[in-house]
Amino acid sequence: MSITKQDVEKIAGLANLALSEEEKECFTTQLSSIVSYIEKLNKLDTEDVLPMSHSTLSGDTLYTMREDKLVASLGQSKALANAPDGGEDHFRVPKVIG
Amino acid sequence: MDIVGLTIEKLHKAIKNKETTVTEVCQATFERIEKLNPKLNAFLNINKEKSLERAKTLDAKLKNTLDLPPLFGVTVAIKDNMCTEGITTTCGSKILENFVPPYSATAVLRLEEAGAIIVGKTNCDEFAMGSSNENSAYGVVHNPWDLTRVPGGSSGGSAAAVTADLSIVALGSDTGGSVREPASFCGIFGLKPTYGRVSRYGLVAFGSSLDQIGQFGKTTLDVAKVLSVVAGRDPNDATSSNCEVPDYLAALKSLDIKGLRVGIPKEAFGAGLNPEVKDNVEKAIKNLETLGATTVDVTLAHSEYAIADYYIIATAEASANLARFDGVRYGFRSENVKNLSDMYKYTRDLGFGAEVKRRIMLGTYVLSSGYYDAYYLKAQKVRTLIEQDFRNAFTKCDIIAMPTAPVPAFKLGEKTEDPLEMYLADIYTVTLNLAGLPGLNVPCGFSQGGLPIGCQLVAPHFQEAKLLQVANTYEQNYPNTKHLEI
């Protein structure tokens with residue numbers, strides 16, 4: 001299936017990316033070629049095959065949850081220290097409602 | 001102290017014989033980094049002052065040289081997608097240009113507890129997305145064997161650092177081959193452990209069901225020593241395994257591989273494989289036979305679907321993982337925007353590079369309504385088939401041997417125009433990430449042009465000890481003696 005510029009615009013919207021016109025053109029061509037390549041999977045009959053999300057995770061007892069024990073967290077000042085626009089106890093973002 | 005060719009074993013011997021100190025080794029290391037990094041661009045951030053201070057402390061604390069901590073004084077380079085408390089961690093991206101992590105990755109903490117010195121953070125493809133290190137926002141890394149060629153990626157900086165003796169060992173991350181392929185291009189050992197063997201806590205996520213922290217070294221023994229320290233359960237990573245960590249160093253004591261069954265997948269030796277790589281890998285397999293191993297033919301019938309499968313699964317996971325970079329909590333934020341939605345969009349457009357955006361786009365597409373079943377679900381099913389191929393193969397053999405990469409290191413700029421062609425560099429490595437299996441690059445020769453070639457050994461889940469034992473036996477009998485000059 002080929003990807004159109006409208007598809008690229010729709011996907012960019014879903015992915016929160018403000019693409020330039022040039023990027024839109026470029027991705028339309030490149031994604032079309034990648035998508036036609038990945039469609040080779042359709043040659044395989046997977047009717048009776050179960051999907052796999054993790055390699056050794058499913059049904060494996062070696063992976064378990066940790067004990068539900070209270071441990072110290074980072075703390076507010078450390079967690080906020082990298083915010084591009086932060087105050088003492090908050091992040092600041094542009095207006096949400098116009 | 002000459003640090004060229006320095007290994008953990010040699011360092012510890014010299015310290016025990018009082019021939020050197022950690023401080024001396026550290027100073028020599030930074031002198032070398034300052035001299036060579038401008039040529040290689042392997043490091044994005046050099047941790048000089050703290051390292052020299054730590055070296056002094058380690059020297060002062062050292063009383064009993066008979067019982068050194070496992071990585072005492074060992075210089076380590078860390079790929080810049082692993083969090084290091086107080087040291088900038090950029091992931092090779094503009095979007096994290098000023099990010100200083102408030103905590104360290106578990107693997108990094110374990111190295112430090114074992115006495116290692118973090119000399120710096122290494123260059124990588126942006127968010128580990130790439131096979132040549134040309135996708136870094138901070139410039140390409142040059143291959144120490146030939147500065148006009150790529151070091152491989154995405155952990156290109158770590159591989160180049162170890163190769164050029166800018167650190168004794170290094171950590172990288174491997175989502176589709178990002179440790180093994182650069183190890184192959186640079187002629188060093190590079191291990192991707194079993195999924196879940198090493199904690200991913202503090203490793204900035206790319207493809208969460210594929211990511212694993214790997215180890216680079218100039219010898220199998222160095223790789224084994226680092227793995228021994230970083231492997232094992234971590235309560236902070238629910239996917240880290242409880243499977244017992246065996247004594248890897250004990251496994252290396254045996255140099256006997258008589259009766260070892262080596263599986264040879266014919267799919268990995270067909271069209272697309274460079275003849276010089278083929279010859280050298282086949283020679284390595286012959287050498288294993290000389291040492292007493294037997295070869296058996298195995299089939300990895302779904303290999304030809306691996307790249308397609310991988311690029312659906314990896315990009316789907318990446319598009320979800322990278323949604324967190326929105327200019328709110330950390331990193332770059334676009335200025336002069338009207339509202340919150342625009343801030344997200346422009347921050348991400350300006351902050352991410354082309355390859356990262358391309359993968360976010362592809363991942364978003366394969367997960368989007370109407371396409372999820374056709375692409376993502378389909379890919380998860382094919383993933384099962386790829387894993388089954390390996391399960392079947394391992395009923396007939398103990399390990400599998402095949403090339404790590406289809407070609408030796410290519411020229412800078414050679415594959416940047418066509419993303420799909422670049423993806424094919426990972427053709428032999430991605431299957432292991434999909435199946436969760438451990439794989440090790442073993443340097444096995446050079447092309448006529450003097451470029452390193454690697455053979456990839458693969459073992460069943462959690463059998464890193466077997467991989468390391470076979471690699472060490474090979475290395476001791478067929479050592480790599482070619483001298484690197486930069």
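## Loops, pockets and a surface patch

Asn133(B) sits in the loop that runs between β3 and α5 of chain B. Before going further, keep in mind that this is a predicted model. Asn133(B) has a positive phi, about 65°, even though it isn't a glycine. That's worth a look, since most residues other than glycine have a negative phi, and most peptide bonds are trans. Is Asn133(B) buried or exposed? With a relative accessibility of 0%, Asn133(B) counts as buried, because the cut-off for that is under 20%.

The loop between β3 (117–122) and α5 (156–163) of chain B also holds Ser154(B). Here the backbone does something else: the peptide bond from Gly153(B) to Ser154(B) is cis, and its omega is near 10°.

Now over to Lys18(B), in the loop between α1 and α2 of chain B. Lys18(B) isn't a glycine either, yet it has a positive phi of about 55°. Lys18(B) is exposed, because its relative accessible area is 65% and the cut-off is over 50%.

Next come the spaces in the model. Here are three of them, with their volumes and the make-up of their linings.

| Space | Volume | Lining residues by class |
|---|---|---|
| Largest pocket | about 880 Å³ | 16 nonpolar, 10 polar, 10 charged |
| Second largest pocket | about 600 Å³ | 14 nonpolar, five polar, six charged |
| Largest cavity | about 60 Å³ | four nonpolar, seven polar, two charged |

Which residues lie nearest the centre of the largest pocket? They are Gly5(B), Lys218(B), Asn480(B), Thr481(B) and Lys482(B), out of 36 lining residues. Several elements of chain B each supply at least two residues of that lining, including α1 (8–16), α2 (22–40) and β10 (439–446). The largest share, four residues, comes from α16(B).

The second largest pocket has a volume of about 600 Å³. Its lining takes in 25 residues, and Tyr103(B), Leu203(B), Val204(B), Arg324(B) and Tyr330(B) are the closest to its centre.

As for cavities, the count comes to four of 30 Å³ or more. The largest cavity is lined by 13 residues, with Gly130(B), Gly176(B), Ser178(B), Tyr310(B) and Asp426(B) closest to its centre.

Finally, a stop on chain A. Val93(A), Val96(A) and Ile97(A) make a nonpolar surface patch of about 310 Å². Ile97(A) belongs to the segment after α3 (76–80) of chain A. Ile97(A) is exposed, because its relative accessible area is 73% and the cut-off is over 50%.

Terms used
Residues numbered from 1 in each chain as written. Chains lettered and ligands numbered in written order. Predicted model: local features only at pLDDT ≥ 70, side-chain atom pairs only at ≥ 80, totals over all residues. Heavy atoms only, no water. 1 Å grid on protein atoms, 1.4 Å probe; cavity = no way out; pocket = protein on both sides within 12 Å on 5 of 7 lines; lining within 4 Å. Points joined across faces, edges and corners; volume = space filled by probe spheres on them. Nonpolar A, V, L, I, M, F, W, Y, C, P; charged D, E, K, R; others polar. Patch = residues over 30% accessible without salt bridge, like charges linked within 9 Å, V, L, I, M, F, W, Y side chains within 5 Å. Areas by Shrake-Rupley, 256 points an atom, 1.4 Å probe, with all protein chains shown as cover. Salt bridge = Lys/Arg side-chain N within 4 Å of Asp/Glu carboxyl O. Buried < 20%, exposed > 50% of the residue type's maximum accessible area, 1.4 Å probe, protein only.
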